[in-house]
Structure formats: structure tokens, C-alpha cells
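Hello,

Here is the structure I promised to pass on. Please open it first, then read the notes below.

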Amino acid sequence: MIKNYFKTAYRSLLKNKGFTFLNVIGLSVGLATCLLIVFYVVDELSYDKFNTKADWIYRVTISAKLNGNAGVYATSEGPLKDALKQNFPEIEKTARLIDKAGLAAMPQKFYFKKGNNNIEERKIVFAESSLFDVFTLPMIDGSSANSLDAPNTIVITESAAKKYFNRVDVVGQTLTVNDSTLYKITGVLKDMPLQSHFNYDFFMSFSSRPESKWTGWGYSGVHNYLLVKPGANIKSLEARIRSLEIKNSPADAKTWTSGDNYLKTILTPLTDIHLRDDSQYALDKAGSIQYVYIFSVIAIFILLIACVNFMNLSTARSANRAKEVGVRKVLGSARKYLVAQFLTESVLVTLTSAIIAVFLALALLPAFNQMADKHLAFTPHTFTWLLPVLLVIVLVVGFLAGSYPALYLSAFQPIEVLKGKIAAGFKGSFLRSFLVVFQFSISIFLIIGTLVIYNQLNYIHNKDLGFNRNEVLVIKNANVLGNQAKILKNEVKQMQGVVNATMSSFQPTGGEPNKTGLFPHRQIDVKEDILTEFWPVDEDYVNTMGLKIINGRNFLKQMATDTSAMIVNEAFVKKFGQRNPLNKDVYRFSFGLQQFHIIGVVKDFNYESLRDNITPLALVYDSDNGAISVKLNTANLTALMSQIENKWKELSPNQQFSYSFMDEDFDAAYRTEQRVGTLFISFSTLAIMIACLGLFGLAAYAAEQRNKEIGIRKVLGASISGIVGMLSMDFIKLVLISIVIATPCAWWAMNKWFLQGFAYRQDIQWYVLATAGLTAIFIAFVTISFQSIKAALGNPVDSLRSE
């Protein structure tokens with residue numbers, strides 16, 4: 001019996017090649033897209049789950065607000081570790097990490113000697129031996145026990161060992177760092193999985209980190225991780241750690257509870273850090289659970305559109321199959337066998353589509369990886385979960401898409417059918433109309449989403465940020481030149497085609513934050529703290545970056561008192577509380593009390609992400625040779641670049657010349673948004689194409705079922721345009737209903753899921769919604785018109801011959 005079902009189903013599908021082709025193509029593309037999205041979602045959700053104790057690992061996160069300065073921080077105090085061990089028995093192990101942005105005394109650049117060359121390494125962290133007790137980081141050479149206890153010891157990854165020694169058995173060897181310190185290798189780790197919220201190649205011993213006053217209570221900069229015992233009460237633990245923090249805080253307990261000030265301790269689960277953590281100073285740029293939700297919804301939408309196609313096309317063919325059902329019933333076939341027959345056809349189409357989808361997803365995976373910046377691959381492990389998932393999808397989609405057609409077709413009465421009274425045209429099915437509305441509502445939703453994302457990315461690219469990022473060359477790692485960095489800057493400044501040049505590590509295109517507390521009075525009071533970005537710059541910085549001074553003056557090289565001068569932005573002035581801050585003193589506590597006087601105010605500029613509001617910033621006149629930024633104006637960029645590189649090699653022949661352009665650095669800061677936009681546009685286009693396939697099929701069957709009506713109308717003098725309009729109007733009405741339904745849903749969803757994350761955003765304008773609606777109508781009309789025109793041009797004699 002089952003064999004007969006499949007044989008009959010195969011013959012029926014082969015007989016209706018057009019119907020089969022449309023369904024297989026629609027389902028194949030839909031399933032392939034879903035598979036790619038599933039790979040993306042599974043990869044995002046798998047972060048840090050390689051750790052065997054992942055469910056019991058937490059990071060101490062601080063949420064605080066003091067004097068209007070509010071923030072959530074991934075770092076906490078260094079002494080917290082010992083206090084936790086003494087007071088909290090439910091904590092089994094602790095581990096501390098400090099990255100290079102952690103504390104002020106740490107060098108910002110690390111160069112490792114290889115032969116005669118110094119290679120800058122960025123994937124560096126200071127850690128303790130207990131790190132390997134908390135996290136699952138297997139050693140392939142050496143022992144993790146006590147591996148980072150002694151000063152100047154280091155554990156490296158397999159890739160780093162091969163890079164510097166061309167082998168992995170390197171325990172006992174040494175690495176020279178910054179031309180001054182020898183680090184002894186005590187272990188080699190297996191390369192860390194990509195699905196980790198931190199990923200380093202060099203783990204330096206924590207004791208090698210120079211101690212300073214900045215490592216005590218009140219100075220956070222340490223990533224504290226806890227391994228708690230199973231069953232520990234996390235909420236209780238958070239409350240008690242908060243009490244410990246407040247007890248040891250430089251501010252008294254009353255300060256933290258007065259006004260709108262607060263201090264909270266949050267124990268962030270390890271597996272939440274990548275997707276659900278938006279704290280500052282995180283070890284790696286986090287993903288977004290919102291994007292996971294968005295792509296998951298798109299995957300469901302695309303699959304539903306493909307299923308709706310199948311249901312619509314199957315029921316639209318009902319008139320063609322009505323006599324088949326009637327004959328089968330007359331010959332004694334029970335309804336349940338007819339249902340089984342139609343479901344078999346549905347499952348067979350879905351199974352064929354699933355097989356094609358796997359190969360299609362495999363072919364598209366490299367392009368998808370490039371768009372999503374992923375390293376997804378089909379591996380033996382992939383098939384252990386992929387095959388069961390595919391089997392479930394085939395059965396669910398097969399029965400979901402085939403259930404209504406099967407029940408609908410099998411319910412035909414044989415007498416009515418054989419008398420020719422069944423004519424289930426397009427207008428004859430409310431459910432089919434509902435499904436078209438549902439399908440196009442999703443398509444319009446995705447069109448609006450695509451336009452909103454495109455407009456926001458375009459807004460980011462073209463917004464006046466308050467500085468000029470165009471034609472600015474950034475020469476990196478200038479600090480390797482030592483005192484000669486200033487010589488390079490001055491000589492480059494004299495070159496033809498160079499407008500200006502400045503020397504500072506800090507560019508307004510995002511980067512490592514450098515916040516400090518500034519105070520309006522010599523007597524330090526934490527309640528008056530103004531949390532401020534603190535950038536050492538030279539006298540050419542303001543002009544090179546195109547910043548606008550709206551009050552006061554720029555730094556002057558010849559002005560001796562400018563060594564303690566400061567230029568602030570408008571956001572700082574608002575916090576400072578002085579209408580005219582010029583010549584006012586500002587104090588900073590850093591290895592003693594420092595005094596500055598304000599000489600100028602620059603117009604606010606977006607030096608951080610457009611997701612964030614502009615915060616206080618202070619420029620101080622101080623030496624910082626981390627990078628040299630060069631403002632260019634030349635028609636021969638290649639020649640000028642060659643000239644600059646030659647000058648670099650004259651000063652430092654063994655150091656690599658590394659550079660970027662500031663506009664490219666700015667674009668890189670929004671690469672995640674650009675990738676999401678590209679993926680959203682790609683998936684939306686596929687969804688719309690699948691919807692059009694179904695609409696194309698429906699239009700064909702609607703024209704076929706109204707063939708005689710069209711013939712009579714033509715005989716009575718109807719024009720081709722009138723017939724095309726008549727055939728198209730039924731579908732256009734449904735698209736208009738879809739626009740009414742989809743528009744408010746898309747407006748709400750894009751505001752809540754996407755735009756809400758930007759402090760500076762392009763609001764959804766009426767013309768975006770109108771464009772989406774007109775686009776949907778145009779796409780639908782073009783799709784329908786081919787079949788409508790074909791039917792309208794037909795010879796009425798052919799359709800009326802049998803009458």
C-alpha cells in the first residue's frame with residue numbers, strides 16, 4: 001500500500017511538472033535559507049559552552065551610578081578575589097584576567113622579538129594559574145598547575161608556538177617582550193575555540209603586571225570570574241558581594257543610597273556574556289541576542305512563505321484534480337486513503353526539496369560566511385544534529401503544507417464532481433486569500449525592515465560627526481620609533497600633499513576607552529566625580545581632525561603653561577556646571593593630585609559609537625606617540641604613501657610600516673551593523689522571490705480556471721488591458737490588505753528591535769512605508785501580469801470550442 005502511495009505520488013508530480021517545479025524550488029530555497037540561519041543561530045548560542053563547568057561560571061559585573069555618571073562595567077576590583085575566598089564558601093574557584101586596557105600602568109603595545117623583527121601582538125592578557133581550573137583550556141605541552149604563579153612566565157597557544165618556534169614542544173623556551181623582558185614559556189594550550197567571549201594567544205602571569213595604586217579598592221580594571229558550587233543561591237551571592245563592594249568603596253554607604261545613586265553587583269552567567277551582555281570594558285565585542293531573534297523570525301517567515309506556496313498551489317489545482325478524486329471515490333477509495341495519498345505527495349516534495357536544500361546550503365556557505373564574518377562548516381559533528389533536524393522539518397513541513405490540501409481535496413463529493421459542479425477558482429477559497437495576505441504581509445514586513453536598516457546605515461555613513469575623517473592617514477605603532485616618532489611627524493608634515501599631522505593614540509573612530517575621574521575642587525569628593533574620556537594630544541590635533549573650537553583657544557607650543565592645559569567638549573561643560581568654564585581649574589587623582597586649567601571648548605563630536613550619547617571628553621597637552629594621523633590633500637596618493645613609507649624605513653628599517661585610513665576605521669566600527677544589513681537584505685530578497693513564485697503559480701491557475709470567462713469577455717469586446725486589470729485586481733486587493741496589516745507591525749518591530757539601540761538614528765519616515773507598499777504592489781503586478789497578458793492574448797475560439 002505504502003509503495004503504491006509513493007508510486008502514484010511520483011506519477012502525479014511528474015505529470016504536473018510546472019506545479020512540482022514551483023513547489024520544489026520554493027521549498028528548496030526556503031529550507032536552504034533556514035539551514036544557513038540555523039547554522040548562524042547555533043553558532044551564536046554555542047559561545048563558551050565548550051567549558052565543561054559553563055553552567056556554574058559567572059563574571060562579576062558592576063552596575064553603578066554616581067553624580068549622574070551611570071554605566072555597566074565588565075570589570076571590578078583586584079582585591080575582590082581574596083575577599084571572596086575568605087567570606088563566601090559557596091565559591092569554589094576564582095580567576096582574574098587583565099587585558100591591556102585594564103589598568104593605567106600597563107603598556108598599551110606589546111612587541112615580541114622574532115629574529116631581528118619586533119612583531120606587535122594584540123591577543124594578550126594577564127592571568128592566574130587558577131584560570132585553567134575555572135575554564136576548560138587543555139594543555140598540549142606542560143602542566144597547567146602553577147603555570148602562571150611565577151613572575152615573567154607565560155602560557156601560549158599552539159598557533160603562537162608555531163609562529164615563533166615552528167613547533168609546539170617549547171616549554172622552557174623564552175620570549176622577549178618589548179625589547180626588555182624575558183618571559184619563560186611554561187605551557188602550550190590547544191588553540192581556543194572561536195566560540196569564546198575571550199580569545200588570546202598569550203597568557204602572561206598576573207604577578208608580572210606592575211602593581212600600582214590603581215589596583216586597590218575603588219579602581220576597577222580586573223575581570224573577576226567565579227566558579228560557584230552547584231546549587232548556590234546566585235541572588236543571595238549578588239547581594240552579599242554588593243555589600244562587600246560598598247563596604248570597601250572610597251564613597252561611603254550613604255553616598256550610594258542617596259538621590260539616584262546606586263551600586264549593584266551582577267553575576268553574569270558565562271553563557272550570557274556573548275549575546276546578553278552590554279557592559280563596558282568587555283574582553284571581546286559581544287554579539288546581540290536581538291539579531292539572533294531577528295534572523296530566527298526571518299527563518300520562520302521564509303519557511304512559512306514556502307509552506308503557504310505549497311498549500312495555495314495545491315488547492316488552486318483542485319479543479320484539475322476534482323475528477324480524479326471523484327473517480328477514486330466511485331471506485332471505493334475511502335477518504336483516509338485519499339488523505340494519505342495527498343500527504344505522501346506533500347512529504348515527497350518536501351523530502352526532495354530538503355535534499356536539494358542541503359546541497360544548496362553547502363554551495364552558499366562560503367558566501368554566507370563572508371557576509372556574516374563566520375567560520376561555519378559542514379563537519380561530521382554537524383550531521384549528528386542536522387539529519388534529525390532535517391527529518392523533523394520534512395515531516396512537519398510535509399504534513400503542515402499538505403494537511404489542508406489533503407483534507408480539502410478528499411472532501412469533494414463524487415456526484416458533484418462528476419457533474420462538473422466543482423470550480424474552485426481563485427475567488428472560491430477564503431483560506432487561499434487569507435494565505436496570500438499572510439504571505440505578502442510577511443514580504444512587506446521584510447521590505448520595510450530592509451529599507452529601515454538601509455536608511456540607518458546610510459545615515460551613519462553620511463552623518464556630520466563633528467570631525468573630518470576623510471583623507472586622514474593613520475600611521476600605526478609609531479611608538480616603536482621612540483623619540484624618532486616626533487621627527488617622523490615633523491618631516492611628514494613638510495611633505496607636499498600633507499595638510500597637517502598630529503601624534504596621538506586616540507582617534508575619534510572608536511577604540512580602547514581611557515576614562516578617568518575629574519573633579520572641580522582640590523578637595524576630592526567622589527560625589528563630584530565627572531567620568532571623562534581623557535586623551536593626551538599635541539598642538540596639531542584639533543586642526544588635523546577638523547574639530548571646532550567654540551570657546552577659548554587651541555594648545556600653543558610656545559605657551560609654557562599649556563603643559564597643564566585642557567580642552568573639553570560641550571558634554572563636559574554640562575556636567576561641570578559652569579556656564580563659562582574658561583580658566584577654571586580641574587583636578588585628577590593619578591599617582592598624586594594633578595591640576596589642569598581649561599583653555600578651550602570644542603563642539604561635541606561623535607568619538608564613540610552612534611549607539612551611545614556623547615559623553616564628557618578632555619584633551620590634554622601631553623606626549624603620546626602611539627599613532628600619527630596625517631591629513632592629506634593630494635592627487636597622487638600612491639607617490640605620497642611611498643614617500644612616507646621610505647621615511648619610516650629610514651628611521652626604523654626593521655619595523656613594519658602599518659597604516660590605515662580613518663574613514664575605513666570608522667566603517668569598521670559599524671561592520672556588525674553592515675553585516676546584519678547585508679544579511680537582512682539577502683534574506684528578505686529570497687523571501688520575496690519565494691512569495692512571487694507562489695503568486696506566479698496562483699495567477700497561472702486563476703487564469704486557467706477563468707479561461708472561458710475571458711473568452712466570452714473578448715467576444716463581447718473586452719480590451720486586453722481591461723482583462724489584465726480584471727485578473728490582476730483580485731490579487732492587488734489582497735496585497736493592499738497586506739500593506740494595511742504589515743505596515744504598523746513593521747514600524748513597531750523595527751523601532752523596538754533595531755533603531756532603539758541607536759542614540760542617533762534616522763526615524764522611520766512616511767515615505768519609507770509608502771515605498772515599501774508601492775514596491776510590493778509593483779512586484780505583485782509584474783508577477784501576475786505575465787500570466788494575465790498571456791491569458792488576455794489567447795484566442796477565444798480555443799477556450800469556447802467545447803461549448
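Helix α19 (residues 662-669) lies across β15, β24 and β25. This helix runs at about 75 degrees to β25. Please keep in mind that the model is predicted.

Helix α18 (residues 637-651) lies across β15 (472-476), β16, β24 and β25. The angle between α18 and β15 is about 25 degrees.

Now the sheet itself. Four strands form an open sheet in the order β16-β24-β15-β25, and the pairing is antiparallel. The edges are β16 (498-503) and β25 (659-661), each of which pairs on one side only. On average, neighbouring strands of this sheet are turned by 20 degrees against each other, direction ignored. β16 and strand β24 (residues 627-632) run antiparallel and are joined by five bridges. To find this pair on screen, look for Met-503, which stands opposite Ile-628 in β24.

**The chain as a whole**

The chain has 803 residues, and 51% of them are buried. It holds 24 helices and 25 strands. Take the contacts in the chain with a separation of 6 or more: 80% of them are between residues 24 or more positions apart.

**An enclosed strand: β23**

Is strand β23 buried or exposed? Five of the five residues of β23 (residues 617-621) are buried, so the strand is largely enclosed by the rest of the structure. Leu-617, Leu-619 and Tyr-621 point one way from β23. Ala-618 and Val-620 point the other way. Residues of both groups are buried.

Which strands pair with β23? Strand β18 (residues 530-537) runs parallel to β23, with five bridges between them. Strand β20 (residues 565-569) pairs with β23 in the antiparallel sense, over three bridges.

**Leu-593 in β22**

Leu-593 lies in strand β22 (residues 593-602). Its relative accessibility is 37%, so Leu-593 counts as partly exposed. Leaving out residues up to four places away in sequence, Leu-593 touches Arg-522, Ile-524, Tyr-587 and Arg-588. Gln-523 is 70 residues from Leu-593 along the chain, yet their C-alpha atoms are separated by 9.8 Å.

**The loop between β10 and β11**

Asn-178 sits in the loop between β10 (174-177) and β11 (181-189). Asp-179 is in the loop between β10 and β11 as well. Check the backbone here. Asn-178 is not a glycine, although its phi is positive, at about 55 degrees. Asp-179, a residue other than glycine, also has a positive phi, near 60 degrees.

How accessible are these two? Asn-178 has a relative accessible area of 28% and is partly exposed.

**A cavity**

How many cavities of 30 Å³ or more does a search of the whole structure find? There are four. The second largest cavity holds about 70 Å³ of space. Its lining is made of Ile-294, Val-297, Ile-298, Phe-445, Leu-446, Phe-680, Ala-749, Met-750 and Trp-753. The elements that give two or more residues to the cavity lining are α9 (289-316), α14 (430-462) and α22 (720-753). What classes of residue line this cavity? The lining has nine nonpolar residues, no polar and no charged.

Best wishes

Definitions and conventions:
Residues are numbered from 1 along each chain as its sequence is written. This is a predicted model: local features need pLDDT of at least 70, side-chain atom pairs count only at pLDDT 80 or more; totals for chains, interfaces and linings use all residues. Side-chain values use heavy atoms; hydrogens and water are left out. Two strands pair if DSSP finds at least two bridges between them. Axes are lines fitted to C-alpha atoms, for helices over the stretch in contact, and angles run from 0 to 180 degrees between N-to-C directions. Contact means heavy atoms within 4.5 Å. Buried means under 20% relative accessible area, exposed over 50%, partly exposed in between (1.4 Å probe, protein chains only). On a 1 Å grid over the protein atoms alone, a cavity is a set of points where a 1.4 Å probe fits but cannot get out, and a pocket is an open set with protein on both sides within 12 Å along at least five of seven lines; lining residues have an atom within 4 Å of a point. Grid points are joined across faces, edges and corners, and a volume is the space filled by probe spheres set on the points. Ala, Val, Leu, Ile, Met, Phe, Trp, Tyr, Cys and Pro count as nonpolar, Asp, Glu, Lys and Arg as charged, and the others, Gly among them, as polar.
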